[in-house]
Each structure stands twice: as C-alpha cells, then as structure tokens.
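User: Could you take a close look at one part of this model for me, charged pair and sheet included? Keep it chatty, but give me the cut-offs as you go.

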Amino acid sequence: MAVWALTPSLGQGDLYGPSAPPDAAWVRAVNAEAPGGLGIRIGDGPLESIAFADATAYRLVAPGEVTVDLGGVVTPVTVEAGAFVTVVATTDSVRLIEDSVLVDVSRGLLALYNLTDLAALDLVVADGPAVVENVAPWHQAAVAIAEAEAVLEVRSGDAVVGTLDVRVYERAVAHSVIVVEGPDGPLVRYVAAAVAE
C-alpha cells in the first residue's frame with residue numbers, strides 16, 4: 001500500500017484502504033548506520049531487521065512522543081498530527097526529516113533524500129533533465145510526477161554518485177531515492193514508500 005493511500009482515505013471510507021484517525025501521524029525509519037542490517041522498532045510495532053540504506057514502512061502513531069528503537073538504542077521522537085516523518089539512524093546521531101506527502105493520487109511523488117555530508121545532490125534523468133535539485137545534507141526534496149519509465153542518476157555537481165536501474169515510476173506512489181554514506185562511498189537505494197498493516 002503506498003504512502004498516499006491513508007491520506008485521501010480520511011474522508012473517503014475504505015476506498016483507498018483503512019480509515020485513519022484525523023489526528024494520526026506516520027513514522028518510518030532508515031538504516032544509515034549498520035551495513036550488516038539494523039533492528040528497528042517504531043512505537044509498539046514489531047521489531048524489524050532493515051538492510052543498510054533501506055527503510056521501514058510508515059507506521060501509524062498517535063501525535064506526541066513516540067519511541068523508536070534503533071539497534072537497541074531507544075530514542076524518543078516528537079511528531080505532530082498529520083506529519084510523515086523519517087527517522088534516520090546514523091553511527092553518531094539520530095536525525096528527523098519531515099517528508100513531503102503525495103495528496104494528488106493522479107500523480108506520483110519522487111523524493112531525493114541526502115543522508116550524507118555531501119554539499120548538495122541532484123536527481124536527474126540519465127542524459128536528460130534534472131528532476132530534483134540542490135538537496136542539502138540531511139534534507140529531502142520532492143516533486144510530483146506523471147507515470148514514466150526512466151533511468152535516474154544522483155549527481156553531486158558534475159560527478160555521478162550513483163545510478164538506479166531503469167524502472168517505471170508509477171502514479172499514486174511515493175517514490176524515495178535514498179543516498180547514504182557507505183563503507184566504500186555513497187550508496188544510492190530506491191524505496192517505494194509503504195504503510196505498515
């Protein structure tokens with residue numbers, strides 16, 4: 001189920017999925033810490049093993065303080081009603097990023113997450129135009145897209161940081177391109193945002 005689904009469903013019954021409380025918040029976590037995988041638990045949800053540069057599904061939580069267990073280190077996180085938040089586990093800190101939200105299900109959402117210290121990153125179509133530009137360290141930026149098949153590259157200036165395989169970026173899905181600092185340099189990973197059941 002795509003991340004957008006529960007937002008429209010607030011006023012439309014079960015058309016897009018289970019209805020969510022109007023004051024709900026959504027939290028997911030990214031492993032930018034442990035190349036061998038990281039155990040993550042959000043609130044009272046199940047413990048999940050998440051691969052490096054990968055993300056959990058979003059979990060519905062009550063607004064306010066939520067505990068996030070990142071490899072045995074429990075961190076309280078404060079979230080506001082209606083927010084979609086990504087919690088990033090790194091080797092020396094925990095960072096929060098407020099996510100863009102897809103509200104028009106006739107489009108897709110394509111976001112670039114710069115979870116590195118690289119000054120600015122761009123997401124571009126290979127041999128084509130830029131899609132998202134100048135994403136600062138520890139930030140994300142997103143754009144609504146029509147459905148398209150593309151090969152995407154992440155660039156820092158003129159240097160290619162990583163290339164994603166060709167894929168169809170569908171409508172009604174929030175697509176995330178996540179860049180983390182790996183043991184051998186930056187690593188680029190694609191994640192289709194989902195909501196935990």
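**Salt bridge and sheet**

Analyst: There is 1 salt bridge in the structure, the term meaning a side-chain nitrogen of Lys or Arg within 4 Å of a carboxyl oxygen of Asp or Glu. The partners are arginine 155 and glutamate 153, whose closest N and O atoms are 2.8 Å apart. Arginine 155 is partly exposed at 25% relative accessible area, while glutamate 153 is buried at 13%. Here buried is under 20%, exposed is over 50% and partly exposed lies in between, with a 1.4 Å probe and protein chains only.

A word on the source: this is a predicted model, so local features need pLDDT of at least 70 and side-chain atom pairs need 80 or more, whereas totals for chains, interfaces and linings use all residues. Residues are numbered from 1 along each chain as its sequence is written, and side-chain values use heavy atoms, leaving out hydrogens and water.

Now the sheet. The chain has 0 helices and 18 strands, as DSSP runs numbered from the N terminus (H or I over at least four residues for helices, E over at least two for strands). Four of its strands make an open, antiparallel sheet in the order β3-β2-β5-β6; a pair needs at least two DSSP bridges between the strands. β3 (48–50) and β6 (73–79) are the edge strands with a single partner each, so one side of each has no neighbour in the sheet. On average, neighbouring strands here are turned by 35° against each other, direction ignored, using axes fitted to C-alpha atoms; angles between N-to-C directions run from 0 to 180 degrees.

Inside that sheet, β2 (residues 38–42) runs antiparallel to β5 (residues 64–70) over 3 bridges. Isoleucine 42 has valine 68 of β5 as its bridge partner.

Isoleucine 42 also turns up in the neighbourhood of threonine 56, a residue of the loop between β3 and β4 (59–61). Beyond its neighbours within four places in sequence, threonine 56 is in contact with Arg28, Ala29, Ile40, Ile42, Glu48 and Ile50, a contact being heavy atoms within 4.5 Å.

Stepping back to the whole chain, 46% of its 197 residues count as buried. Of the contacts with a separation of 6 or more, 55% join residues 24 or more positions apart. The accessible surface is about 9,100 Å², with 50% of it belonging to carbon and sulfur atoms.

How values were computed. Areas by Shrake-Rupley, 256 points an atom, 1.4 Å probe, with all protein chains shown as cover.
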